[in-house]
Amino acid sequence: MMMVELTSVAGAALPVGELAEHLRLARGFSDDGSQDASLESCLRAALSAIEARIGKALYTRRFALTLMAWHDPAAHVLPLAPVRAIDSVKLITRAGAETLVEPELYALRTDRHRPVLTATGTKLPSPSQGGTIEVELTAGFASDWAGLPPDLKQAVLILAGEFWGQEMQADTGIPFAVSVLLEPHRRLRLRGAGA
């Protein structure tokens with residue numbers, strides 16, 4: 001399985017000014033605009049770390065998921081949430097020929113933690129021997145900073161602030177405050193990884 005981001009978060013959508021304000025209050029940071037590129041880099045690193053930790057896309061964007069086979073022929077749990085739409089499903093032969101799967105053959109079952117691509121019939125279409133499946137999907141909480149859940153916004157600012165200050169400090173992992181804010185958004189695994 002491989003997940004690739006097809007669209008990225010625009011720089012204008014990142015809260016560079018809000019992070020500058022956060023740092024100014026916490027560390028005597030002066031805002032002359034000269035540090036905007038570094039602040040954006042810290043924000044992108046914080047977003048990436050948080051998304052990896054909770055398995056969710058914060059900003060809405062498009063992704064491509066490549067699979068060798070479905071986990072279950074009737075339903076496949078998607079590794080990212082919240083999924084807003086399944087844009088396409090393609091079967092790709094070993095030679096690279098693509099066949100678009102009709103949207104009537106599958107459906108998205110939304111879920112906060114475990115969205116599922118389900119078959120509308122008995123099973124999802126499978127690739128030929130040595131082929132792959134490519135699922136393009138749109139996932140994310142919101143298209144802009146204002147639409148993100150408040151606890152995740154605070155976690156991003158705290159972690160980006162920590163990344164900003166890392167030049168002078170040893171690596172201490174995810175701060176406790178960030179872990180507390182992320183906890184409600186993490187997947188619970190009650191029946192093992194395959195459940």
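This is a predicted model: local features need pLDDT of at least 70, side-chain atom pairs count only at pLDDT 80 or more; totals for chains, interfaces and linings use all residues.
User: Glu5 forms a salt bridge; with which residue, and how far apart are the closest N and O atoms?

Analyst: A salt bridge here needs a side-chain nitrogen of Lys or Arg within 4 Å of a carboxyl oxygen of Asp or Glu. Glu5 lies in strand S1 and Arg61 in strand S2, so the pair ties together parts that are 56 residues apart in sequence. Glu5 is partly exposed at 39% relative accessible area, whereas Arg61 is buried at 5%. The partner of Glu5 is Arg61, and the closest N and O atoms are 3.3 Å apart.

User: Where do Arg44 and Glu40 lie, and what is the closest N and O distance in their salt bridge?

Analyst: Both residues are in helix H2 (residues 36-54), four residues apart, about one turn of the helix. Arg44 is partly exposed, with a relative accessible area of 33%, and Glu40 is partly exposed too, at 26%. Their closest N and O atoms are 3.2 Å apart.

User: Which residues are linked with Lys90 in a network of salt bridges?

Analyst: Lys90 is buried, with a relative accessible area of 17%. Lys90 forms a salt bridge with Glu98, where the closest N and O atoms are 3.6 Å apart. The residues linked with Lys90 in the network are Arg62, Asp87, Glu98, Glu134 and Glu136.

User: How many residues of strand S8 are buried?

Analyst: In a regular strand the side chains alternate between the two faces of the sheet. Thr132, Glu134, Glu136 and Thr138 point one way from S8, while Ile133, Val135, Leu137 and Ala139 point the other way, and all are buried. For strand S8 (residues 132-139), the number is eight of eight.

User: How many bridges join S8 to S2, and how many join S8 to S4?

Analyst: Both pairings are antiparallel. Leu67 has Ile133 as its bridge partner in S8, and Val83 stands opposite Ala139 in S8. Strand S2 (residues 61-67) is joined to S8 by seven bridges, and strand S4 (residues 83-92) is joined to S8 by eight.

User: In the open sheet of three strands, what is the strand order?

Analyst: The edge strands are S3 (75-77) and S6 (106-109), each pairing on one side only. Three bridges join S3 to strand S7 (residues 116-119), with His76 partnered by Leu117. The pairing is antiparallel, and the order is S3-S7-S6.

User: Is Ala20 buried or exposed?

Analyst: Ala20 sits in helix H1 (residues 16-27). Its C-alpha is 7.4 Å from that of Leu39, although Ala20 and Leu39 are 19 residues apart in sequence. Buried means under 20% relative accessible area. With a value of 1%, Ala20 is buried.

How values were computed:
Residues are numbered from 1 along each chain as its sequence is written. Side-chain values use heavy atoms; hydrogens and water are left out. Two strands pair if DSSP finds at least two bridges between them. Helices (H or I, at least four residues) and strands (E, at least two) are DSSP runs, numbered from the N terminus. Buried means under 20% relative accessible area, exposed over 50%, partly exposed in between (1.4 Å probe, protein chains only).
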